[in-house]
Amino acid sequence: MKFSTRNRYGLRLMVELARELKKNNLVHLGRIAGITGVSENYLAQLAIPLKNEGLLIGVSGKKGGYHLSRSPEEIKIMDVVRAVDGPINLTDCVNNPDICLNSSFCEARIMWAILSGRMVEVLEKYTLADLIDKDRLQRIKDEYAFLPMLNPDRIMAPEDEGEESEPGCPVKK
């Protein structure tokens with residue numbers, strides 16, 4: 001299971017907006033596009049559901065832009081995920097057991113329900129403030145240090161043990 005591109009970019013939009021709002025009262029999506037590498041048009045599409053859910057406020061005009069409707073401490077990651085893509089379910093039968101005749105006795109559905117619940121717990125636990133504050137982010141990394149995929153440097157080890165790795169993203173040879 002993967003989160004959608006809309007979710008990943010929606011969260012990046014909100015994180016960068018929260019970070020930029022420390023310096024400016026309003027932030028233009030062009031600024032966020034420059035930081036994230038996501039097109040301004042796509043960010044504008046993502047801003048619509050975020051505005052509709054009351055997370056963003058847009059200000060029109062030549063010097064317009066966006067700001068958060070609440071402080072980064074009050075916006076949970078789950079708020080962003082839900083606004084951009086709706087509720088999280090690993091399978092449709094988790095929230096809609098009526099769609100499957102086996103839901104009431106299906107052993108697998110129990111796993112999907114527990115996993116879906118755990119994902120929601122984690123996304124409800126953290127806020128935008130946790131992701132833009134280096135100390136808070138380090139505490140999260142320390143809490144989940146047992147997860148090898150949390151540290152990309154461990155994953156991006158060189159294929160050949162004798163080969164030196166270069167800084168930056170790995171490039172296929």
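Which backbone oxygen lies 2.9 Å from a polar atom of the side chain of Arg-109? In this predicted model, that oxygen belongs to Cys-93. Arg-109 itself sits in helix α6, which spans residues 107-125. The residue is buried, yet Arg-109 has no salt bridge. Asp-98 is the nearest side chain of opposite charge, and that one is 8.6 Å away. Once neighbours within four places in sequence are set aside, the contacts of Arg-109 are Cys-93, Val-94, Pro-97 and Ser-103.

Next up is the nonpolar core. The largest one has 33 residues, and Met-14, Leu-17, Leu-43, Leu-50, Leu-56, Leu-68 and Leu-128 have the most contacts inside it. At least two residues of this core come from each of α1 (5-20), α2 (29-36), α3 (40-52), β2 (65-68), α4 (77-85) and α7 (128-132). Helix α4 gives the most, with 6 residues. As a general matter, nonpolar side chains tend to be buried together in soluble globular proteins. Zooming in on Leu-17, and skipping residues up to four places away in sequence, this side touches Val-27, Ile-32, Leu-56, Tyr-66 and Leu-68.

Helix α3 also holds Pro-49. Pro-49 counts as buried because its relative accessible area is 15%, and the cut-off is under 20%. Along the sequence, Pro-49 and Ala-83 are 34 residues apart, but in space their C-alpha atoms are 5.8 Å apart. Ala-83 is also among the residues that Pro-49 touches, along with Arg-6 and Val-84, again not counting residues up to four places away in sequence.

Terms used
Residues numbered from 1 in each chain as written. Predicted model: local features only at pLDDT ≥ 70, side-chain atom pairs only at ≥ 80, totals over all residues. Heavy atoms only, no water. Helix = DSSP H or I, 4+ residues; strand = E, 2+ residues; numbered from the N terminus. Buried < 20%, exposed > 50% of the residue type's maximum accessible area, 1.4 Å probe, protein only. Lys, Arg positive; Asp, Glu negative; His and termini not counted. Salt bridge = Lys/Arg side-chain N within 4 Å of Asp/Glu carboxyl O. Polar contact = N/O pair within 3.5 Å; in protein donor to acceptor, adjacent residues only side chain to side chain. Contact = heavy atoms within 4.5 Å. Core = buried A, V, L, I, M, F, W, Y, C linked by side-chain atoms within 4.5 Å.
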